[in-house]
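Trainee: I would like to learn how to read a model like this one, feature by feature. Could we take the general idea each time and then turn to the case at hand?

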Amino acid sequence: MLIDIRTLSETEIFPLIYRLKKQTFQNTELVLLGGGKLAAWLSEHDERVKAAGEEGFSALVRSATGDFLGILDVTDTLEENALSLCAEKLLETGADALYTDSDCFGSGVTGETRSYKPDFSPDYLRSCNYIRGLFLARRELFEKIDYERVEIGGRAHYGLILRITELAEKGKGI
């Protein structure tokens, strides 16, 4: 998982790291952009955490080792088996890119909050970011895009998702 923590406080970073480390998928790797000494300390104390420095998106991709890389909004919460289910679906379908449905939690949320996302549609995706949240794609697709123009986090995820899905032959929503 590629995570930009440059604008987060320590009180926001630790819950994020904790949630991702609880994943049942044992090959989960957290690659952190920013965070300075804190990111270095986290990477020294957990082999699944890597500090990519402050150089930008290209440093994140270079520091990651997986066949699939993922992005996630820093405020998102995943079920403990979410990445295991994603890995199973990627193997089962042979998809190049994968995204998931989502739920909303938090104060002020009432009623049905599940967001069922449509099947992969490049044309529809160009008109609106229906993917939002967890997004995984083959490493080769991340490596093919122009790093100089890439930002991650919040609305910037949309531009990254568009660039990657344009290269993907098969996308899948679950």
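Predicted model: local features only at pLDDT ≥ 70, side-chain atom pairs only at ≥ 80, totals over all residues.

Trainee: What is a cavity, and what is a pocket?

Mentor: On a 1 Å grid over the protein atoms alone, a cavity is a set of points where a 1.4 Å probe fits but cannot get out, whereas a pocket is an open set with protein on both sides within 12 Å along at least five of seven lines; lining residues have an atom within 4 Å of a point. Grid points are joined across faces, edges and corners, and a volume is the space filled by probe spheres set on the points. Here the largest cavity has a volume of about 40 Å³, and its lining consists of F120, P122, L125, R126, L162, T165 and E166. The elements that give two or more residues to this lining are α5 (122-127) and α7 (156-167), where helices (H or I, at least four residues) and strands (E, at least two) are DSSP runs, numbered from the N terminus.

Trainee: How do the residues of the lining of the largest cavity divide into nonpolar, polar and charged?

Mentor: Ala, Val, Leu, Ile, Met, Phe, Trp, Tyr, Cys and Pro count as nonpolar, Asp, Glu, Lys and Arg as charged, and the others, Gly among them, as polar. The lining of the largest cavity has 4 nonpolar, 1 polar and 2 charged residues. The second largest cavity, with a volume of about 30 Å³, is lined by L16, R19, L20, Q23, L72, D76, T77 and L78, which divide into 4 nonpolar, 2 polar and 2 charged.

Trainee: Which residues are the closest to the centre of the second largest pocket?

Mentor: That pocket has a volume of about 500 Å³, and of the 21 residues that line it, the closest to its centre are F25, N27, G66, D67 and F68. Two or more lining residues come from each of β4 (68-71), α4 (82-93) and β6, with α4 giving the largest share, 4 residues. G66 is found in the loop between α3 (57-63) and β4, and although G66 and R138 are 72 residues apart in sequence, they are 8.8 Å apart in space, C-alpha to C-alpha.

Trainee: Which strands pair in the parallel sense with β2?

Mentor: Two strands pair if DSSP finds at least two bridges between them. Strand β1 (residues 2-4) runs parallel to β2 and is joined to it by 3 bridges, with I3 partnered by L32. The chain crosses from β1 through helix α1 (residues 10-21) to β2 in a right-handed β-α-β crossover, a term that applies if, with the strands pointing away from the viewer, the path from the first strand over the helix to the second runs clockwise. On β2 there are also 3 parallel bridges to strand β3 (residues 49-51), where L30 stands opposite V49. The crossover from β2 through helix α2 (residues 36-45) to β3 is right-handed as well.

Trainee: Are the residues of β2 buried or exposed?

Mentor: Buried means under 20% relative accessible area, exposed over 50%, and partly exposed in between (1.4 Å probe, protein chains only). L30 and L32 point one way from β2 (residues 30-33), V31 and L33 point the other way, and all are buried.

Trainee: Where does β6 find its antiparallel partners?

Mentor: β4 and β6 pair in the antiparallel sense over 4 bridges, and strand β5 (residues 97-99) is joined to β6 by 3 antiparallel bridges. F135 in β6 is the bridge partner of I71 and also of Y99.

Trainee: How many disulfides does the structure hold?

Mentor: A disulfide is a covalent bond between the sulfur atoms of two cysteines. With the criterion of a pair of cysteine sulfur atoms within 2.5 Å, the structure holds 0 disulfides. C86 counts as buried because its relative accessibility is 1%, whereas C128 is partly exposed, with a relative accessible area of 27%.

Note on methods. Residues numbered from 1 in each chain as written. Heavy atoms only, no water.
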